[in-house]
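Dear colleague,

Please find the structure below, followed by a short account of what was found in it.

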2 protein chains.
Amino acid sequence: MKKVIVFITLKQGVLDPQGKAVQTSLHSLGFQEVEEARIGKYIELYVEDQENVSERVQAMCEQLLANPVIEDYRFEIEEAVHS
Amino acid sequence: MKKVIVFITLKQGVLDPQGKAVQTSLHSLGFQEVEEARIGKYIELYVEDQENVSERVQAMCEQLLANPVIEDYRFEIEEAVHS
């Protein structure tokens with residue numbers, strides 16, 4: 001079993017209203033030092049062992065997990081230590 | 001300027017309906033090998049340099065970014081390379 005961690009982030013230049021809201025909230029809580037906040041997604045997949053995990057995960061990202069028009073993605077594959 | 005990357009994940013045992021929906025969708029797209037999917041948040045913060053960045057970010061997580069009842073968080077602090 002493999003554990004795949006996918007990081008999905010907005011491309012540079014794409015407006016991030018959710019991030020802006022988080023930044024504003026942090027400011028009103030007294031964290032004035034936050035100059036920018038950007039929100040992305042973090043997805044953990046547990047995948048059966050097979051040969052072409054990397055190609056398959058790339059296809060998952062393109063077809064479902066990310067919106068390639070406005071989002072970038074990257075992923076890491078490691079051995080799953082399932083408890 | 002520091003770049004802080006915050007990872008927020010559901011605690012083990014907490015149901016993840018969004019992850020379940022992603023898993024179901026991946027299955028119907030033909031990715032039968034996905035045994036589990038769990039969705040978390042990935043937050044990038046750009047923070048002015050100051051002494052106690054780590055303590056401040058921990059406070060941000062506790063007060064706003066994460067829900068400590070059902071979520072775990074961890075973060076990494078690096079030098080920002082702002083373009």
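E76(A) is partly exposed, at 38% relative accessibility, and R74(A) is likewise partly exposed at 44% (buried means under 20% relative accessible area, exposed over 50%, partly exposed in between; 1.4 Å probe, protein chains only). These two residues form a salt bridge with their closest N and O atoms 4.0 Å apart (a side-chain nitrogen of Lys or Arg within 4 Å of a carboxyl oxygen of Asp or Glu).

This is a predicted model, in which local features need pLDDT of at least 70 and side-chain atom pairs pLDDT 80 or more, while totals for chains, interfaces and linings use all residues. Residues are numbered from 1 along each chain as its sequence is written, chains are lettered from A and ligands numbered from 1 in the order in which they are written, and side-chain values use heavy atoms, without hydrogens and water.

Over all chains, the salt bridges number 13. One of them joins R56(B) to E33(A), at 2.7 Å between the closest N and O atoms. That pair crosses between chains, from helix α2 (residues 53-65) of chain B to the loop between α1 (17-28) and β2 of chain A (helices, H or I, at least four residues, and strands, E, at least two, are DSSP runs numbered from the N terminus). R56(B) is partly exposed at 24%, whereas E33(A) is buried at 5%.

In chain B, E44(B) and K3(B) form a salt bridge at 3.9 Å, N to O. The pair links strand β2 to strand β1 (residues 2-10), 41 residues apart, and both residues are buried.

Yours sincerely
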